[in-house]
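Subject: Structure handover

Hello,

Here is the structure I promised to pass on. My notes follow below it.

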Amino acid sequence: MYNLAVFGNPIEHSLSPTIHAEFAQQTGVEVNYDKILAPIDGFNHKAQQFIDEGATGFNITVPFKLDAYNFSTKLTLNAKTAGAVNTIKVEGSELVGENTDGIGLVNDLVNNLGVNLKDKTILILGAGGATQGILLPLLKENPKRVMIANRTASKAQQLQQDFAQYGNTCGFGLEKIKNEPIDVIINATSASLDKKMPDIASGCANHAICYDLMYGEQTPFMNWAKDNNASMIADGIGMLVEQAASSFEFWTGVKPDTHTVIKNLRS
Ligand code: ATR
């Protein structure tokens, strides 16, 4: 029996228990997956309690991904470059920290949506934790270039420097986005949470594949993409299921099928 959970605050509306229950049923792997509310300043204590009770691993969501990074005793390269951990596996006395967010995004784009990222130009809006988490997996797909555009230009430039060793990147302010088509645009800002769309030149969306990391409703970014002739528009529900599938495989060694789970969540 795999003893698993997701830690967050808030955590009540997390879809992870539903997703992992479907994976378990589908694969026949015996899994117990709970949701655990940790106090804002009490992640380590709650996590240690769960480990002492025999946890095999757990997911970590907002606002504890940095706590989980510091709590891990070993980090994968993905987690290291992301600067955040969303999955921990208990391996004897080691706590192995992984980040499956970026792998989840790439798997959704490549396997579910049929988007080949090789030699493509990718524009990421935002330079916060979400962007840092997806950069390495995106660069591993060998795109022509990953452009990071942020309201605060210096943060985009910093990420550009940090990831330059992994591929062709550049970083600049949102106002520098040209009014010219781009292959793939990813909204990694938190603007959708405020029902806002970053103020950018609209011509870049023409025939572009537009992907919002947020999910749950038609976001302002998705409306903007539609109004500006995007060729494909997606929200982050596929990424959510794919990052869960990668975590499930990280713990159990079994790769679940994601298609029916995504379909069920959408309906
Ligand atoms: P996350 O972990 O979700 O990435 P974050 O680290 O707080 O959250 O980063 C939020 C990102 O969304 C930042 O890039 C932020 O831009 P700034 O660095 O300039 O603050 C961006 N963002 C939030 N609201 C925005 C808005 N209305 N327009 C443009 N960018 C926005």
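The second largest pocket holds about 270 Å³ of space. (A pocket is an open set of points on a 1 Å grid over the protein atoms alone, where a 1.4 Å probe fits and protein lies on both sides within 12 Å along at least five of seven lines; lining residues have an atom within 4 Å of a point. The volume is the space filled by probe spheres set on the points, which are joined across faces, edges and corners.) Its lining has 13 residues, with T121, M147, K178, E180 and I182 nearest the centre. Six of the lining residues are nonpolar, one is polar and six are charged. (Ala, Val, Leu, Ile, Met, Phe, Trp, Tyr, Cys and Pro count as nonpolar; Asp, Glu, Lys and Arg as charged; the others, Gly among them, as polar.) Strands β7 (121-125) and β8 (145-150) each supply at least two residues of this lining.

A caveat on the source: this is a predicted model, where local features need pLDDT of at least 70, side-chain atom pairs count only at pLDDT 80 or more, and totals for chains, interfaces and linings use all residues. Residues are numbered from 1 along each chain as its sequence is written, and side-chain values use heavy atoms, with hydrogens and water left out.

Now the sheet that holds β7 and β8. Six strands form an open, parallel sheet in the order β9-β8-β7-β10-β11-β12. (Strands, E of at least two residues, and helices, H or I of at least four, are DSSP runs numbered from the N terminus; two strands pair if DSSP finds at least two bridges between them.) β9 and β12 (232-234) are the edge strands, each pairing on one side only. The twist averages 15 degrees from one strand to the next. (Axes are lines fitted to C-alpha atoms, for helices over the stretch in contact; angles run from 0 to 180 degrees between N-to-C directions.)

Five bridges join β8 to β9, and M147 stands opposite C170 in β9. Five of the five residues of β9 (169-173) are buried (under 20% relative accessible area, 1.4 Å probe, protein chains only). Four bridges join β7 to β10 (184-187). There, L123 stands opposite I185. Helix α6 (129-139) packs on this sheet and touches β7, β8, β9 and β10 (contact means heavy atoms within 4.5 Å).

T81 lies in helix α4 (77-82). T81 is buried, at 11% relative accessible area. T81 touches Q132, L136, F163 and Y166, leaving aside residues up to four places away in sequence.

Best wishes

Technical notes: Buried means under 20% relative accessible area, exposed over 50%, partly exposed in between (1.4 Å probe, protein chains only).
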